[in-house]
Amino acid sequence: MSRTSGLRGAPASMGHSAPLVPPLQPSVVYTTDGPDTLDRIYEGGADGFSYSREGHPNAQSLARRIADLEGAAHGLVTGSGMSATAVALLGVLKAGDHIVAGNQLYGRTLRLLTENLPALGITSTQADPTDADAMARAIGPETRAILVEVVSNPTIRVADMEAIAALAGDRGLCLIVDNTFTTPRAYRPLAAGADIVIHSVTKLLAGHSDALLGFVGTGDAALAERIDTGAQTWGLTASPFDCWLAERGLLTFEVRYDRGAATAAALADALAAHGAVERVLYPGRPDHPDAARARTLFGPAQGNMVSFDLGGDRGRAQAFVTAARDIAFAPTLGDVATTLSHAASSSHRGLSVEGRAALGIGEGFFRVSVGLEDGETLIDAFINALNAL
Ligand SMILES: *Cc1c(COP(=O)(O)O)cnc(C)c1O
């Protein structure tokens, strides 16, 4: 009978070669040559890892790449976009503090603010980020921070970022920007005066709908340390496999973004020209309510997100989705393939009909995240589905 020793031993050597692709490192723990080295790793005197909740090579390498894109001196990858938002807010706010937040944030972010943070003694007020005076009026004596997304979902309104950054600066408030929709290809919050940038890396940065991750970046070393320690202690850090997938996706991010944006601009024009469509929202179109601001903030990169309104009821919405069977009906964005989502049955299902109507979201309102398909083929698929209505 053969026996194995069960000893792990040292990993196999690769001799005088090294892998081109960053290796996936699933190891949860790292060995060292003894307590002195471990001390130096913990105290920052030596490079290295000890336990993967506290850091691992795949997270470090991904965080460095996203931090470079955002111009952030310090970056941290977390287990999801929501954990990035949570750990950033927990790093900035304490019991008794108040935060002013955009009124059309990602739905779970609004739930975090209204359902979870109050239990920790942290309160919030929502205001319209396209109106900096409304944001200013929401500030009170206990306000410590402002949280906004640059572009609202799914109505694609553009926040008055210049005025909000000036307001945060004047009042000494920490400005936190969720840059998931805009990405550093269109907008770099830290360069524009924000203190913290957060991402759902799950979306455009990773780009393939197969990794769930978040990112927090800042130029402030003390704040970064607080947020990083918080993520380790609350256990919000990221899995090596997801980081490995996201790093691979990130290598093509800019090419994907530009391609999606070019097709999105053409799709927006084609939708607007079709009689079955009541309204199209794309910041690169001159009829968008924030077109001038979008041009100033984003330059030529107007993004891959297009929304449109067919009017009518649920039956008309369902008929369109059925006719558009080659386009995935899925409540996400930033995938290599185009996805179609319907706010009334997904992101905004928790609102009343009147609440949705106040935002301009009826049953016929759709959002498209434009992917990498051949542009003409994709536009034909939409037009054929509209013709079938
Ligand atoms: C998806 C999303 C989030 C949450 O990210 P997850 O990775 O799903 O946790 C946060 N903000 C925005 C704008 C998003 O689109």
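Predicted model: local features only at pLDDT ≥ 70, side-chain atom pairs only at ≥ 80, totals over all residues.
Let's start at Thr-180. Thr-180 sits in the loop between β5, residues 174-178, and α7, residues 183-186.

Is Thr-180 buried or exposed? Thr-180 is buried, and its relative accessible area is 8%. Its side chain has two polar partners to show you. The side chain of Asp-178 is one, in a polar contact of 2.6 Å. The backbone nitrogen of Ser-200 is another, reached by the Thr-180 side chain at 2.9 Å. Now look beyond the neighbours within four places in sequence. There, Thr-180 is in contact with Ile-198, His-199, Ser-200, Lys-203 and Leu-204.

Keep Asp-178, Ser-200 and Lys-203 in mind. They take us to the ligand.

There are 14 residues around the ligand. Which of them come nearest? The answer is Gly-81, Asp-178, Ser-200, Thr-202 and Lys-203.

Take Asp-178 first. An N or O atom in the Asp-178 side chain is 2.7 Å from a nitrogen atom of the ligand. Next, Gly-81. Here a polar backbone atom lies 2.8 Å from a ligand oxygen atom. Then Lys-203. One of its polar side-chain atoms is 2.8 Å from an oxygen atom of the ligand. How much of the ligand does the protein cover? Alone, the ligand exposes 380 Å², and the protein buries 93% of that. The shell by class: 6 nonpolar residues, 5 polar and 3 charged.

Thr-182 is buried, at 4% relative accessible area. Its side chain is joined to that of Asn-179 by a polar contact of 2.6 Å. What does Thr-182 touch beyond its neighbours within four places in sequence? It is in contact with Val-150, Val-151, Tyr-187, Tyr-257 and Phe-298.

One step on is Thr-183. Thr-183 belongs to helix α7. Its phi is near 65°, which is positive in a residue other than glycine. Its relative accessible area is 0%, and Thr-183 is buried.

Go to the loop between β4, residues 143-149, and α6, residues 161-171; Pro-154 is in it. The peptide bond joining Asn-153 and Pro-154 is cis, with omega about -5°. The loop between β4 and α6 also holds Ile-156. Ile-156 has a positive phi, near 55°, and is a residue other than glycine. Ile-156 is buried, with 1% relative accessible area.

Next, Val-201. Where is it? Val-201 is in the loop between β6, residues 196-200, and β7, residues 214-218. Val-201 is buried, at 1% relative accessible area. Leave aside the neighbours within four places in sequence. Val-201 is then in contact with Ile-66, Ala-206, Gly-207, Leu-213, Gly-214, Phe-215 and Ala-246.

Now for the surface. Gln-60 is in helix α2, residues 57-70. Buried or exposed? Gln-60 counts as exposed, because its relative accessibility is 52% and the cut-off is over 50%. Along the chain, Gln-60 and Pro-240 are 180 residues apart, yet their C-alpha atoms are separated by 9.8 Å.

Last stop: helix α12, residues 314-323. Which residues of α12 are buried? They are Ala-317, Phe-320 and Val-321.

To close, back to where we began.

Terms used
Residues numbered from 1 in each chain as written. Heavy atoms only, no water. Buried < 20%, exposed > 50% of the residue type's maximum accessible area, 1.4 Å probe, protein only. Helix = DSSP H or I, 4+ residues; strand = E, 2+ residues; numbered from the N terminus. Near = heavy atom within 4 Å. Polar contact = N/O pair within 3.5 Å; in protein donor to acceptor, adjacent residues only side chain to side chain. Areas by Shrake-Rupley, 256 points an atom, 1.4 Å probe, with all protein chains shown as cover. Nonpolar A, V, L, I, M, F, W, Y, C, P; charged D, E, K, R; others polar. Contact = heavy atoms within 4.5 Å.
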